[in-house]
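Please keep the sequence and the model in view while reading.

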Amino acid sequence: MTRLPTTLPRRALLRGLPALSLAPLAAPRLARAQGAVGGRLVLYTSQLEPDAARTVEMFRQRHPAVQVEWIRGGTNQILPRLRAELAAGAPRADLLLLADSLTFEGLKQEGLLRPSPEIDIAGTPAERHDPGRCYFGTKLLTTGIVMNNRAPFAPKSWAELLRPEARGLTAMPSPSVSGAAAIHVQAVAQTPSLGWGYWEKLAAAGLQPRGGNGAVMQAVAGGERGYGMIVDYMPIREAAKGAPVRFIIPEEGVSAITEPAAILKSSRNPEAAAAFIAFLLSRPGQELAAAQGFLPADPAVKPPAGFPDPRSLTLLPFDAARAAAGAEADLARFNRIMGL
């Protein structure tokens, strides 16, 4: 494979706590009948702004009596804001919709989430959600392999990245930066056929952790690296635009983040919050997730073009409670292995 001499620029990921998007929606039209739930609902979310706006809009079409205010920011922005409000005794959020289960497992262990067994999970599998029903997975963002079309071979498994031809050609996002990468590190470590020994062998084979998923995408699409560990939607979308890459689902399975939603124990409108989560898990809510370019949590809902059938996916084993308890030690262990 031809290597390109391109050097990737470093990106500033967070500069302090920038202002978060604050977007209240207009009052419901008087012509509409009042829904079963109403009142004010405050949502804190890490969704992209257009996705958050459309999600809230569709929810309010079904529950026009609910006045929704949504505040958008990265998880590393939302959590400090939430904790500052809790410390001041004035939490504003009713509902959280953030990227990964590790965040929610930590909040659950702190006793900050409201168990909500009354929420209808519709067609989504029970294993997508917290067993105690404190948080609910709303979609699947899987981590698999992206390969450059000029790479030496097309790997069928995670283990094949250890082949001599792949030496020095694999990149991955840093788990210190990417929540999906942090979960992937722990999911692989929890998989008996891979384990921590896999990371040790990959480190010896020249695995390079770098920045976020975007940095990995650039390295592989540009030919600097032949392979990368990456969230699914990036290579699938880029391949559709003509990038010389393909996304591969390894035989052992993929790890996944599920963009969970949860109701805070301090919520002043848990009924409306429960209705919002029920909408996300409903058939229309899952079809919306697919229309936004993500794998739906409900395997019966048609995925976006270019994505695998979710019914064909094997997920690597992942115990969120165990992962949350060992997150700091596991990150330190990974960094030692990689010599970071």
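The buried residues of H9 are covered by elements that include H1, strand E6 (139-148), helix H8 (270-281) and E13; helices (H or I, at least four residues) and strands (E, at least two) are DSSP runs, numbered from the N terminus. The model is a predicted one, in which local features need pLDDT of at least 70 and side-chain atom pairs count only at pLDDT 80 or more, while totals for chains, interfaces and linings use all residues. Residues are numbered from 1 along each chain as its sequence is written, and side-chain values use heavy atoms, with hydrogens and water left out.

The residues of H9 that are buried are Gly285, Gln286, Leu288, Ala289 and Ala290. Here buried denotes under 20% relative accessible area, exposed over 50%, and partly exposed the range in between (1.4 Å probe, protein chains only). Just after H9, Gly293 adopts a positive phi of about 95°.

Phe294 lies in the loop between helix H9 (283-291) and strand E13 (295-296). Because its relative accessibility is 10%, Phe294 counts as buried. The charged end of Lys139 sits over the ring of Phe294, 5.6 Å from its centre; the criterion is that NZ of Lys or CZ of Arg is within 6 Å of the ring centre and within 35 degrees of the ring normal. By this criterion, the charged end of Arg163 sits over the ring of Phe153, 3.8 Å from its centre.

Aromatic pairs come next. Rings of Phe, Tyr and Trp (its six-membered ring) pair if their centres lie within 6.5 Å, and planes under 30 degrees apart count as stacked, over 60 as edge-to-face and the rest as tilted. The count by this rule is seven aromatic pairs. Trp199 and Phe334 form an edge-to-face pair, with 5.4 Å centre to centre and 85° between the planes. This pair links distant parts of the chain, as Trp199 belongs to helix H5 (residues 195-204) and Phe334 to helix H11 (residues 327-338), 135 residues apart. Both Trp199 and Phe334 are buried. Tyr233 and Phe294 are likewise paired edge-to-face, at 5.6 Å centre to centre and 75° between the planes.

Two loop residues deserve attention. Gln47 occupies the loop between strand E2 (39-45) and helix H1 (49-62), and Gln47 is buried because its relative accessible area is 6%. Not counting residues up to four places away in sequence, Gln47 touches, among others, Arg72, Lys139, Glu259 and Gln292, where contact means heavy atoms within 4.5 Å. Thr258 is found in the loop between strand E11 (255-257) and strand E12 (260-263); with a relative accessible area of 14%, Thr258 is buried too. Leaving aside neighbours within four places in sequence, the contacts of Thr258 include Arg128, Lys139 and Leu140.

What holds for the protein chain overall? The protein chain has 11 helices and 13 strands, and 54% of its 340 residues count as buried. Among contacts in the protein chain between residues at least 6 apart in sequence, 77% join residues at least 24 apart.
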